[in-house]
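Subject: Structure for you to look over

Dear colleague,

Please find the structure we spoke about below. My notes on what was found in it follow directly after.

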Amino acid sequence: MNRLFAGLAALTCALILSGCATGSSASRTAPPEQKTIAVDNYRIGVDDIVQVSVWRNPELGITVPVRPDGMISVPLVGDVAAGGHTPGEVAADIQAKLATYVRDPQVAVILTELRSHEYLSRVRVTGAVRQPISIPFRPGMTVLDAVLAAGGINEFAAPDKTSLHRKNADSSATYAIRLDRILQKGDLASNFDVQPGDVVIVPERAF
């Protein structure tokens with residue numbers, strides 16, 4: 001019985017300690033995997049590219065950017081409000097308006113590019129790089145992509161001390177980047193994918 005209580009006590013302590021570790025700002029070896037964005041619930045913004053397709057009526061299909069007034073122009077229907085609406089809401093609106101011209105239309109609206117400022121946070125690269133920059137996030141962008149966009153490192157850089165800073169809603173974290181290995185040896189182990197809002201810092205070396 002004593003052994004059972006001892007085991008339960010040890011398990012409880014382990015759970016408490018693991019819970020305390022959550023949300024820590026301590027440096028970590030690698031960031032967690034990126035979560036898939038729920039595009040179905042995303043509200044379309046200006047400059048986003050949308051594809052409208054109508055089943056069995058390919059001539060009515062279009063791929064267009066959302067205009068500054070939040071509208072898109074659809075064959076037969078004319079202007080349709082897209083900005084501020086989900087793809088499903090836009091599809092339902094187009095479908096209802098097309099019913100006047102097409103029998104039982106089936107409409108799909110797909111986001112092909114997310115460009116709007118409401119959605120895209122920027123990725124920043126600062127420190128000992130040739131041109132500190134703030135660039136739009138693109139899916140698949142890595143630390144190396146961001147550093148190259150900044151013109152690469154300068155002669156004062158300490159690439160082995162590069163870090164990636166990430167802030168979430170309730171926590172922040174810092175990840176070590178071996179930029180020296182990435183650039184000199186092609187070792188991509190720390191060439192992590194970046195996320196919107198990330199900051200890559202390349203410090204200067206101590207002389």
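Is Ile201 buried, partly exposed or exposed? With a relative accessible area of 29%, Ile201 counts as partly exposed, because partly exposed covers the range between under 20% for buried and over 50% for exposed. Please keep in mind throughout that this is a predicted model.

Ile201 belongs to strand E11, which spans residues 199-202. Beyond its neighbours within four places in sequence, Ile201 is in contact with Thr126, Lys161, Thr162, Ser163 and His165. The C-alpha atom of Ile201 is separated by 9.4 Å from that of Pro159, although the two residues are 42 positions apart along the chain.

Thr162 lies in strand E9 (residues 162-167) and, at 2% relative accessibility, counts as buried. A polar atom of the Thr162 side chain lies 2.9 Å from the backbone oxygen of Pro159. Neighbours within four places in sequence left aside, Thr162 is in contact with Tyr175, Ala176, Ile177 and Leu179, and also with Val200, Ile201, Val202 and Pro203.

The strand pairing around E11 can be described next. Strand E7 (residues 122-127) pairs with strand E8 (residues 133-136) in the antiparallel sense, over 4 bridges, and E7 and E8 form a hairpin with 5 residues between them. Within this pairing, Val123 has Ile135 of E8 as its bridge partner. E7 is also joined to E11 by 4 bridges, and here the two strands run parallel; in this case the bridge partner of Val125 is Val200 in E11.

As for the chain as a whole, the protein has 4 helices and 11 strands. Of its 207 residues, 34% count as buried. Among the contacts with a separation of 6 or more, 54% are accounted for by residues 24 or more positions apart. The protein chain exposes about 12600 Å², of which carbon and sulfur atoms supply 55%.

Turning to charged side chains, the structure holds 7 salt bridges, and three of them are set out here. The side chains of Arg43 and Glu89 meet in a salt bridge, with 3.2 Å from N to O. Arg43 lies in the loop between strand E1 (27-28) and strand E2 (49-54), whereas Glu89 lies in helix H2 (residues 87-98), so this pair ties together parts that are 46 residues apart in sequence. Both partners count as partly exposed, Arg43 with a relative accessible area of 45% and Glu89 at 35% relative accessibility.

A salt bridge is also formed between Asp79 and Arg67, whose closest N and O atoms are 3.2 Å apart. Because Asp79 lies in strand E5 (residues 78-81) and Arg67 in the loop between strand E3 (62-65) and strand E4 (71-74), the pair ties together parts that are 12 residues apart in sequence. Asp79 is partly exposed, with a relative accessible area of 41%, and Arg67 is partly exposed as well, with a value of 27%.

In the salt bridge between Asp180 and Arg178, the closest N and O atoms are 2.7 Å apart. Here Asp180 is buried, with a relative accessible area of 14%, while Arg178 is partly exposed, with a relative accessible area of 29%.

Asp48 lies in the loop between E1 and E2, and its side chain does have polar partners: the side chain of Tyr42, in a polar contact of 2.6 Å, and the backbone nitrogen of Arg115, which the Asp48 side chain reaches at 2.6 Å. Leaving aside neighbours within four places in sequence, the residues in contact with Asp48 include Tyr42, Val64, Pro65, Val66, Leu111 and Arg115.

Conventions: Residues numbered from 1 in each chain as written. Predicted model: local features only at pLDDT ≥ 70, side-chain atom pairs only at ≥ 80, totals over all residues. Heavy atoms only, no water. Buried < 20%, exposed > 50% of the residue type's maximum accessible area, 1.4 Å probe, protein only. Contact = heavy atoms within 4.5 Å. Areas by Shrake-Rupley, 256 points an atom, 1.4 Å probe, with all protein chains shown as cover. Salt bridge = Lys/Arg side-chain N within 4 Å of Asp/Glu carboxyl O. Pairing = 2+ DSSP bridges. Polar contact = N/O pair within 3.5 Å; in protein donor to acceptor, adjacent residues only side chain to side chain.
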